[in-house]
Amino acid sequence: MTRKTSRPPRVALALSGGGPLGAIYEVGALCALEESLNGIDFTKLQHYVGVSAGGFIAAGLANGISPRELCASFIENDNEPSETFDPAWLLSPAYSEFTRRGIMLPGLLVSALWHLTVGRKSFTHALERMGPALPTGIFSNDQINVQLARLFSRDGRTNDFRQLKTQLTLVATNLDSGEAAPFGRPGWDHVPISKAVQASAALPGLFPPVEIDDSYYVDGALKKTMHASVALDQGMDLMLCLNPLVPFDATAPQVAKVMRRGLPSEKHHIPRIVDGGLPAVLSQTFRSMIHSRMVLGMKHYEHVYPNTDIILIEPDHRDPELYLANTFSYAQRRHLAEHAYQQTRQMLRSNKTDLSAKLLRHGITLHHEALDDPKRHLSAPTKAPTQIGQAIAKLQEIMDDLGHVVRSAAHKENPSW
């Protein structure tokens with residue numbers, strides 16, 4: 001694409017979901033982009049589109065909160081308490097949902113027994129009558145609305161879509177119709193931003209659906225992964241897309257080596273996805289489904305919007321760091337954000353020729369001095385290990401490798417081991 005007009009470029013940002021892990025990745029990646037791209041202010045773009053966890057980041061940026069400030073609030077917890085958002089709040093049980101379903105239980109039980117006895121229905125049919133007693137979510141996400149409303153009530157910010165200086169669209173899914181709900185667009189902009197984020201991030205089964213105007217809404221990713229077309233339909237010149245969830249390629253030899261040496265304990269060692277049990281299999285399945293749909297969507301965008309340059313940023317499929325992670329650990333969050341930050345910087349360096357050509361058309365250049373500086377970090381680097389610590393770490397690597405060789409040899413001699 002070649003821009004021929006003299007007007008300022010119209011730049012949009014689309015952020016997909018991925019839970020706390022997705023938000024951590026997006027914060028780290030955005031911090032890398034912010035310092036590596038000249039000519040772009042990530043708090044003054046023309047349009048922000050957020051889905052699920054990406055909605056939290058998009059809402060912050062649209063409110064003038066820079067990527068570094070988001071990092072301080074969400075990753076480092078360096079800000080004052082009123083500026084801090086703790087993902088651990090999302091682990092509070094959904095007591096109100098449990099209570100509501102519990103109240104229904106006696107009536108449903110009587111109905112099931114009546115169908116089983118008087119109605120002479122099968123046990124399976126009677127059991128189906130008990131379905132409405134099951135909670136629709138395990139954890140409460142009410143704190144998303146409460147805490148973001150508090151965060152956006154500060155001077156210079158707003159919890160009202162209509163008072164923003166830019167366009168913000170947060171996409172959820174109407175549970176009854178299955179249609180996308182673009183909160184922030186005309187007709188949908190009366191809903192508080194914090195409530196829209198809560199609805200967009202209501203992953204079915206994990207969080208109960210969110211009631212807004214007598215309708216119930218769940219995670220926006222049920223309909224599409226990215227929803228970038230909301231902004232593309234307005235004639236954007238440059239569309240930046242961040243996707244934190246990718247399927248993990250455990251077959252790459254370099255990955256197995258990193259996994260043996262880089263993980264904190266043997267319990268995290270998963271040389272094959274199936275060895276991680278049901279959680280690992282479900283995670284890989286979910287990631288594969290979401291990503292394959294997004295790939296098709298990106299191809300569609302390129303075909304339908306040929307006058308827009310679209311840049312997709314996502315993790316390396318061979319990288320285990322973002323696949324095997326505890327996002328509710330403060331130390332782990334800092335490590336993962338730093339990892340996303342450095343990985344994004346490496347991606348920019350590796351693709352600088354192609355990226356430079358695309359960005360230059362919109363008056364944006366790569367900050368080569370920042371990109372090539374090996375001392376740049378998102379957070380203060382940890383203290384270098386002592387010589388003794390390095391020797392112990394090296395010995396541990398050798399022992400791990402030796403153990404791997406022994407197990408491989410034993411398996412060849414006796415495959416049943």
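Predicted model: local features only at pLDDT ≥ 70, side-chain atom pairs only at ≥ 80, totals over all residues.
Biologist: How many aromatic pairs does the rule give, and what makes two rings a pair?
Modeller: Rings of Phe, Tyr and Trp (the latter by its six-membered ring) pair if their centres lie within 6.5 Å, and their planes count as stacked when under 30 degrees apart, as edge-to-face when over 60, and as tilted for the rest. By this rule the count comes to five aromatic pairs. Helices (H or I, at least four residues) and strands (E, at least two) are taken as DSSP runs, numbered from the N terminus.

Biologist: Are Phe56 and Phe74 buried or exposed, and how do you know?
Modeller: Buried means under 20% relative accessible area, exposed means over 50%, and partly exposed is in between (1.4 Å probe, protein chains only). Phe56 has a relative accessible area of 9% and is therefore buried, and Phe74, at 3%, is therefore buried too.

Biologist: Why is the pair of Phe183 and Trp188 called edge-to-face?
Modeller: Phe183 and Trp188 have 85° between their planes, with 5.5 Å centre to centre, and the pair is edge-to-face because that angle is over 60 degrees. Phe183 counts as buried because its relative accessibility is 1%, whereas Trp188, at 28%, falls in between the cut-offs and is therefore partly exposed. Phe183 and Trp188 also form one aromatic cluster with Tyr217.

Biologist: What makes the strands β3 and β4 a pair?
Modeller: Two strands pair if DSSP finds at least two bridges between them. Strand β3 (residues 47-51) is joined to β4 by five bridges, and the two run parallel; among the bridge partners in β4 are Leu168 for Tyr48 and Leu170 for Gly50. Strand β1 (residues 11-15) also pairs with β3 in the parallel sense, over four bridges, and there Ala12 has His47 as its bridge partner.

Biologist: Which strands pair with β4 in the antiparallel sense?
Modeller: Strand β5 (residues 180-183) pairs with β4 over four antiparallel bridges, with Val171 opposite Pro182. In the hairpin of β4 and β5, five residues stand between the strands, and Gly178 takes a positive phi near 75°. Strand β7 (residues 215-219) is joined to β4 by three bridges and runs antiparallel to it; in β7, Tyr217 is the bridge partner of Asn174.

Biologist: How do you know that β3 is largely enclosed by the rest of the structure?
Modeller: Five of the five residues of β3 are buried, so the strand is largely enclosed. In a regular strand the side chains alternate between the two faces of the sheet. In β3 both faces are covered, with His47, Val49 and Val51 buried on one side and Tyr48 and Gly50 buried on the other. Strand β4 (residues 167-174) is mostly covered, since seven of its eight residues are buried.

Biologist: What makes the span of helix α1 close to the expected one?
Modeller: The expected span of a helix is 1.5 Å times one less than its number of residues. Helix α1 (residues 19-36) has 18 residues and reaches 26 Å from its first C-alpha to its last, close to the 26 Å expected. In α1, 16 of the 18 residues are buried, so this helix is largely enclosed by the rest of the structure.

Biologist: Why is Asn307 called exposed?
Modeller: Asn307 has a relative accessible area of 57%, and it is exposed because this value is over 50%. Asn307 is found in the loop between α10 (277-304) and β9 (309-313).

Definitions and conventions. Residues numbered from 1 in each chain as written. Heavy atoms only, no water.
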